[in-house]
Every structure is written in structure tokens, then in C-alpha cells.
Amino acid sequence: MERISWHQYFMAQTHLIALRSTCERLTVGATIVRDKRIIAGGYNGSVSGSAHCTDAGCYVIDNHCVRTVHAEMNAVLQCAKFGVPTDGAEIYVTHFPCLQCTKSVIQAGIKKVYYAKDYKNHPYAIELFREAGVETVHVPLDEDALALVHKLE
Ligand SMILES: [Zn+2]
Ligand SMILES: [Zn+2]
């Protein structure tokens, strides 16, 4: 039996979470991992109980949809809500984090970011990660890993 790697396991999970996104502009997922255990997941979506972009349309200001809480923030806030430490954890994301999420990820004590796709990688975000000693590693989702999922059927 072929076994999926840790990276692909967490990255596939992150893409699965992204499928719950409610913003039509971008489908993003995040998974926070500690000691090879998933401690939280998030996707970009509206504040709990508020209208979804998919129903009410995106709320666009300066070419950004402001309706959503970003995937990384949702994952970090899930930890805050339930009192789960994020210090020293790692995060898997479908897209390179935006500037705001970069700051939150650093402040949460997350030490490594694995991202599948480059996405407007902001030079200041890159600088902040470097200053904070947070390593960013490009881990594309592997088609072979997905093929293993189909094999289960
Ligand atoms: Zn939206
Ligand atoms: Zn963000």
C-alpha cells in the first residue's frame, strides 16, 4: 500500500477545507499543525451568522472583498476560541498569505508556512517572515497524492 507523505496529507486536507470557502473571488484554505497533528482549519468566509458572498455578493472595497475573514485568520481564531496554543506550530495554506495574515501568523507564534501557490507575495510579508525567523516553503499539491484518493474508491 502506498502511503501519502505528511506534506501531501496536510496539503490535501488544506485544499479540501478550501472547498468550504464562501467567497467567489478566491478559494483559500489553511490548516494549523502541531507535532504532526491537525489542531485547526479555516477557509475564507463571512463572519459567523452574517451573509455569505455566495448569497449576497462580494463586498468589494479597493478591489478587495472585505466580507470575509481570511482562512489563516479563521484557523488562528479557532485556536483562540477554544484555547489551543499555536506557539511553535506550522501552517499549511493553499495560497501565500496576504500582509494582514502574515502579521497574524507571526504573532500567533507559528514558525513555518507551507504554501501551495504563490499569490501576490508581498515583499513586506516576505521581509516580516524573514525578520521573525518564520520559514516559508513552497509545497505544491501533488497529483499523485490525489490519485491515491481515487484509488480508495
Ligand atoms: Zn467575497
Ligand atoms: Zn489573508
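Helices, of at least four residues, and strands, of at least two, are taken here as DSSP runs numbered from the N terminus. On this basis, the predicted model of the protein contains six helices and nine strands. The C-alpha trace spans about 50 × 40 × 30 Å along its principal axes. A compact globule of 153 residues would have a radius of gyration near 15 Å, and the value for the protein, 15 Å, therefore agrees with that expectation. Of the 153 residues, 33% count as buried. Among contacts with a separation of 6 or more, 56% are made by residues 24 or more positions apart.

Glu 72 is listed by UniProt, in an unreviewed entry, under "active site". The residue is placed in helix 3, which comprises residues 71-82. Glu 72 has 28 other C-beta atoms within 10 Å and is therefore buried, since the threshold for this class is 20 or more. Apart from neighbours within four places in sequence, the contacts of Glu 72 are Ala 30, Gly 42, Ile 91, Val 93, Pro 97, Cys 101, Ser 104 and Val 105.

Tyr 92 belongs to strand 7, formed by residues 90-95. Tyr 92 also counts as buried, because 28 C-beta neighbours lie inside 10 Å. When residues up to four places away in sequence are excluded, Tyr 92 touches Phe 10, Met 11, Thr 14, Ala 30, Thr 31, Val 33 and Tyr 114. The C-alpha atom of Tyr 92 is separated by 11 Å from that of Pro 140, a residue 48 residues apart from it along the chain.

Technical notes. Residues are numbered from 1 along each chain as its sequence is written. Chains are lettered from A and ligands numbered from 1 in the order in which they are written. This is a predicted model: local features need pLDDT of at least 70, side-chain atom pairs count only at pLDDT 80 or more; totals for chains, interfaces and linings use all residues. A residue is buried if 20 or more other C-beta atoms lie within 10 Å of its own, exposed if 12 or fewer, and partly exposed in between; C-beta atoms are placed from the backbone. Two residues are in contact if their C-beta atoms, placed from the backbone, lie within 7 Å. The radius of gyration is taken over C-alpha atoms; the globule rule is 2.2 Å times the number of residues to the power 0.38. UniProt positions are given in the numbering used here, feature names are shortened, and annotations may be inferred rather than shown by experiment.
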